[in-house]
Amino acid sequence: MASKPASEYARETLKQIAARRLQPTPDNYQAIYDEISGELTQPAFPQMRLRQIARVMPGQTPGQQRLLAQLGAAIEAQDWAALQSTLVGYAALGVTPVPVAVADKPAESGTLDTVFAEHLARLIDNVGASLGEDDERVRQLGQELVAWLRQPMPALVETQKLLSNFSYRLSFAAEDQSAIRATLLMLLHMVFDNVAVLSQDDAWLAGQAQALRDAAVPPLTLRRLDDVQQRLKDVIFKQSEAKAHAVEAQRQMRELLATFIDRLAQMDESSAAYHGQLSDCAERISQVKDLQALRPVLQDAMSATQAMAHKSQAMRSELHELRQRADTANAEIERLRQELERTSAQARHDPLTGALNRKGMEEALRREVSGSQRHDAPLCVALLDLDNFKALNDRYGHAAGDGALLHLAEVARRAMRPQDQLARYGGEEFVLVLPGTALEQGVEALKRLQRELTTHYFLSNEEHVLITFSAGVAQLAPDEEPASALRRADQAMYLAKRAGKNRVVAA
């Protein structure tokens with residue numbers, strides 16, 4: 001039968017209600033309308049009533065709280081299947097063994113599609129691998145379910161029962177994993193904080209502790225962990241070199257101090273011998289009867305005095321040389337300490353803004369380009385330049401200019417997604433690396449950052465200063481080098497400058 005406009009069905013429905021002398025209720029109207037149109041209208045999803053039911057359901061235990069959250073999501077999505085699964089899971093709490101979920105209609109006997117069963121088996125394999133060997137019961141249930149699914153034509157009823165048991169046990173294992181992860185992160189932070197407190201005077205160790213604290217800040221992503229791993233490798237390599245030089249300088253200092261103490265002991269021995277010789281001469285003088293006998297005694301005293309004078313002069317020269325060498329070693333230790341501090345902070349990051357420096361940006365770009373090609377996902381780079389930066393420096397001073405750069409970096413980090421990367425390209429120029437972002441989305445992201453800056457004024461000498469920037473955005477073409485995309489973004493940025501500033505132009 002040819003389909004008619006809905007308005008004709010509605011008019012015919014009203015005529016039939018009048019002809020049959022039926023009450024014009026919504027149910028009667030719906031029944032007649034379905035009869036005339038030949039289609040069954042799906043009933044409206046009772047969101048309000050379901051929300052009322054969800055509000056009075058208990059949520060004291062972690063399992064109940066998790067299922068209540070799933071119930072709320074199912075109601076918002078108007079998803080009957082998710083709603084049924086959640087209610088079955090709620091009913092199964094505390095029940096062993098878990099009863100098979102009861103559908104709205106009795107389940108018809110049948111078998112599972114082989115391709116779908118294989119996809120489901122792979123999914124369960126991946127879930128089991130992510131949990132490791134921590135829960136033996138989940139592992140056993142998963143193996144049983146996978147073996148069942150990979151049989152020829154697995155029965156639907158048995159599949160439903162095994163899957164229900166597995167998902168029930170899995171929900172508790174997931175809760176345990178979440179709690180374990182949160183506790184481990186808390187313990188790691190406690191360790192890192194204590195290391196930082198104990199290493200306040202050791203820049204090398206403090207730098208390592210800070211890098212580890214940065215790595216353990218949620219949300220943890222493979223991209224962030226990879227970036228921190230690369231940074232730590234660079235820091236450890238450079239610090240190991242500097243640390244070896246520092247250890248050698250300290251060894252030399254210890255040798256110098258040991259030599260100094262040894263020379264002091266020798267001076268004390270020489271002085272004691274000299275005083276002994278003078279005492280002996282004094283005793284001989286007291287026994288002299290004439291001047292002729294006095295001559296050899298005086299010669300011995302003069303020889304001892306001259307020898308002592310020569311030895312003292314040699315000691316003074318050697319101690320002066322030791323002091324100079326000690327000063328040189330101290331200066332070298334201080335230089336190495338400062339080098340360690342710079343290495344910890346500046347391996348791949350700009351010391352002023354904390355953003356990536358050029359080296360860090362190049363490494364981040366290489367990783368993102370590789371990931372983009374591997375997943376066939378878009379990748380955008382944006383180059384932005386502060387507007388009127390020279391005028392700001394001239395009016396407020398270079399300290400204010402540095403503050404403006406830091407202000408922009410802080411606002412950008414708050415507005416960015418966790419996977420985005422910010423790098424200081426040079427001077428007042430910054431680069432944003434936007435993975436998984438097409439050109440139109442990249443332009444919109446930069447415009448959002450401009451709007452965010454307008455709500456956060458920069459304060460200089462009690463004066464509010466509006467910071468703006470001009471930006472160019474380029475999406476990497478297949479097989480295009482990042483440097484080429486950056487050049488296109490740079491050209492687009494200059495077009496934005498010439499068009500009046502505080503604009504975003506697509507390359």
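**View 1. The buried residues of helix α5 pack against α3 (47-56) and α4 (62-77).** This is a predicted model, where local features need pLDDT of at least 70, side-chain atom pairs count only at pLDDT 80 or more, and totals for chains, interfaces and linings use all residues. Numbering runs from 1 along each chain as its sequence is written, and side-chain values use heavy atoms, with hydrogens and water left out. Helices here are DSSP runs (H or I, at least four residues), numbered from the N terminus; contact means heavy atoms within 4.5 Å.

**View 2. Helix α5 (residues 80-91) on its own.** Its buried set is Leu83, Thr86, Gly89 and Tyr90 (buried is under 20% relative accessible area, exposed over 50%, partly exposed in between, with a 1.4 Å probe and protein chains only). These sit on the same side of α5, because they cover an arc of only 130° around the axis (taken from the directions from the helix axis to the C-beta atoms). Over on the other side, Ala81 and Ala91 are exposed.

**View 3. Helices α3 and α4, side by side in contact.** Their axes come within 10 Å and cross at roughly 170° (lines fitted to C-alpha atoms over the stretch in contact, with angles from 0 to 180 degrees between N-to-C directions). The pair is therefore roughly antiparallel (angles over 145 degrees; under 35 is roughly parallel, 65 to 115 roughly perpendicular, the rest oblique). Gln47, Leu50, Arg51 and Ala54 of α3 meet Leu68, Leu71, Ile75 and Glu76 of α4.

**View 4. Where α13 (residues 389-396) meets α14 (residues 398-415).** Here the axes come within 6 Å and cross at roughly 135°, so the two helices are oblique to each other.

Definitions and conventions: Expected span 1.5 Å × (residues − 1).
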